[in-house]
Amino acid sequence: MNTSTDDRNMPPLLEVENLVKTYSRKQFAGPREEVRALASVSFSIFRGTTLALVGESGSGKSTLALCLACLEKPTSGLIRFEGSDLLRLGERDLRAIRPKVQMIFQDPASSFNPRWKVLEILAEPLAFEGTRGRDEMRSRAHVLLQQTGLSSDLGEKLPIELSGGQRQRLAIARALMLDPELLILDEALSALDCSVQAQIANLLVELQSARGLTYLFITHDMAMAAHLADEIAVMSKGRMVEKGLPDKVLKQPENEITRELLAAVPRMDRSGPRAES
Amino acid sequence: MESILEVRDLSVSYRLRGGDLHRALDGVSFGLESGEVVGILGESGSGKTTLAVALLGLFRRDSVVASGNVLFQGKDLLKAEPNELRGIRGKSISLIFQEPSVALHPTMRVGQQVRRVLAAHGMSDRTELDRRTREVLEALFGEEAERMARAYPHQLSGGQRQRILIAQAIACEPAVVVADEPTASLDPTTQMEILHVFRGLRKTLGLAMIFITHNPALLSGFADRVMVLYAGKVVELGPATETLVSPKHPYTQALFRSIPPLDEPHDAGKRSLPTIPRDANLSPWPPCGCPFEPRCRERMEICKSDDPGFVNLSETHMVSCFLYENQ
Amino acid sequence: MPYLLRRFGHAVFLLIGVSVLAFVFTVLAPGNYFDEMRLNPQIAPETISALRTRYELDRPLPIRYAHWIGSVLHGDMGFSFAYNSPVAPLLLVRARNTLLLTLTAMLLAWGIALPLGIWSAEHQGGVPDRLVSSGTAALMVIPDLALALGFLVLAVKSGWFPTGGMVSLHFDGLSFLGKIRDLLLHMALPVAALVLSVLPLLIRHVRAAVEQVLDAPFLLAAEGHGIPRRTLLYRFALRAASNPLISLFGFSVGTLLSGSLLVEVVMSWPGLGPFLLEAILARDLYVVIGGVLLSTLFLVGGNFLADLLLYWADPRIRTEART
């Protein structure tokens, strides 16, 4: 890893140890069912790097994301962010940490209040924080519009007037308003067209090297994961079953699940009927 | 082989609020042969969904202006009476909608939803309806068919809902199935399963299919021919093997280049992906010239002013680009 | 099932709460029946105090409430001072008369609103839609009182309809068919007034609910399967639009006893409304709270009915209820 912002000699930005999350669901005329969304997950991410999390639906990727963003409370385990244990922090201390971890969701259309204009959407996180004046918020919003490749005259538009790619850029800009350290991207590219995915992926890489951001990139697109990540972790049924460098995971997968996931990727280089699985 | 469906010079425009016409499709022509799979490759704004909807005359608004021909079994669907269209929809030509989570009635059991398609097309005997519904569901769910039939859409997974949409589409054994992004919201394993289902159906029912997607990899090994749409126009049309492996149109080439390669080594430098500059324009397309011109790396003066016609690179492969004019 | 039990529990709780409130407010309201009596020099003070003791007017509130609830549960709703007879039979007769009117009006109103609302939603923006819109707007603007009075004037001027009451004086002497005709003639105008006052809102709600659904992808998908228009509208669209309409229906049922007060008073229909009004003015305690309780029963029952129907109609509520 050669990027100047990546620093493996420092302690990791995020450390997760034995994270468990169980949901209990009442079945009809039956006992309460315990669903283990996360069954003891442990890993760490170093500052300035990208960890890709791949897995099927139901593997626990999204639950993990929600726990890390403090939007869900894990049943047990440890989440250490910049040295502090997130689960033991009081509300006030937690509030200081929240801006540092931001999340970007899959659906560009439903992430925004449809009645707010672009500038209002951008200003919202700051307005919430309540410490800055209106002019400061506006200028900061404009800066971020520019940095995410959106033109300033989009400021007065509604989300519905933007394209999918523009909306995701807006989501990224909004996330960056609070100067976060860690961005959790939950299938953030999945709903976009291929050519637009490439544009947003490039933007993410640029922003990472300019700002020293750390990414947790959740996806089921193996190719994009391999392209963006410094490390790939494979999840299945709430467990992390494999983790390693992209080339290693792709070329010499150790786990059956990984092999299955790789086999399911549609590829462009075949010319005849695909071998029946 | 004769064409089972032939689209000739199909153009569709929507009349916007201000009175402007938004051109969604412009001069689209292609043929679908019996038992063939034609893949339509297009991103947002390319007009692919309009094409799907136009084939069956399912326009929602009256403010649609359509011209050209959609010939099916000797009849022009664009000029057909509503009753005739209704008889063809679901019976001879079926449409599988995007987004299975919203394409099913939320409070009706899915078995019932399949049954209604059958009932709409002349089957009235109750035992016959039950039998045929069961048959169709068994083809898609095997032993689980009984249990599935009683479920409601919100109780099913994405893949299961997609199978119900497929069941509805094939219930009356149509000649043509048009699938609009049938795997878009599914994860790769489920995607593969659904493609597998389509392959099976193609074999057993001899279906001709139009498979619309924005992901070219899905068409590999599945489609016989690939048609690329950009800004409502056909920019390339050819055999899948040729078009997917060595595309000719600059847009197709740029599109494929922007997809991260799975098999090449990934080094720490995190190369940036080659992208198509600027955004696809959402506003009405320019009245003349090639719509891809502003973003094309091969663009020439003539591209701004003239419409590139169709150039036949071979008997089966054609491109709409001035680059190939003088070959 | 636990979901329904919970809803039922809510309903019961609500009933109890309202009964307490109604009792307390009525008792606390200034004046009582016997104050009027006291003004009458012909009645001896001892009689009055004896009556007061007899009706427990001097005992503490909670005890009076407890006694009253106890007897209500036995079917005895207390005693009417003014009519000098048990409350329950009086109320029930009047309630029956009101229901005759309101049930008919409700069925008619829904029967008209559903097809009209659907037709209007189907032709959004077109002539039918605009006709219905302006018609309903006009109707909504006319106050119920004006409607009722208008009908009364119609009755008086034209002589086609009786000008009040539920049956004619010679009702008992009529043949069976004659009785029916007489009743219907008397009902016609009050029912018309009720229907017209409730119809515009109903139509708009139906239209709005159906309109929302008409845009849904699953409807277009069904159209794509060749499902005929009629089935699409009534089986698919209406069904998907039914949630808000079911809630509205529950509300309709809820107001069966209380919604027709104005019309009953103006058109002299012997229903619950005028009866209660009289009782309030006369401080006839047990009639008032009996009437309030009955109305509340309907309101709460109507809502519970809506809950039941929603549970039955929407499988998503059923499965959510289980988790």
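Chain A is built from nine helices and 10 strands, where helices are DSSP runs of H or I with at least four residues and strands are E runs of at least two, numbered from the N terminus. What you're looking at is a predicted model, in which local features need pLDDT of at least 70, side-chain atom pairs count only at pLDDT 80 or more, and totals for chains, interfaces and linings use all residues. Residues are numbered from 1 along each chain as its sequence is written, chains are lettered from A and ligands numbered from 1 in the order in which they are written, and side-chain values use heavy atoms, with hydrogens and water left out.

Let's stay with chain A for a moment.

Now pick out helix α5 of chain A, residues 164-176. Its 13 residues reach 19 Å from first C-alpha to last, close to the 18 Å expected at 1.5 Å a residue (that is 1.5 Å times one less than the number of residues). This helix is mostly covered, with 11 of the 13 residues buried, including R167(A), R169(A), L170(A) and I172(A).

Over in chain B, helix α7 (residues 158-170) also has 13 residues and reaches 19 Å, again close to the expected 18 Å. Why is α7(B) largely enclosed by the rest of the structure? Because 11 of its 13 residues are buried, among them R161(B), R163(B), I164(B) and L165(B). The cover over those buried residues includes β6 (93-96), α4 (110-120) and α8 (188-205) of chain B.

Chain B also meets chain C, with 24 residues from each in the contact. Together they bury about 2300 Å², 61% of it on carbon and sulfur atoms; this buried area is the accessible area (1.4 Å probe) that two parts lose on being put together, summed over both. On the chain B side, R60(B), T107(B) and R116(B) supply 27% of the area buried against chain C, more than any other three residues.

Finally, within chain C, helices α12 (272-281) and α13 (285-313) pack at an angle of about 145°, their axes 9 Å apart. Axes are lines fitted to C-alpha atoms, for helices over the stretch in contact, and angles run from 0 to 180 degrees between N-to-C directions. Residues including F275(C) and L276(C) of α12(C) meet a set in α13(C) that includes V287(C) and G291(C).

Definitions and conventions. Buried < 20%, exposed > 50% of the residue type's maximum accessible area, 1.4 Å probe, protein only. Contact = heavy atoms within 4.5 Å.
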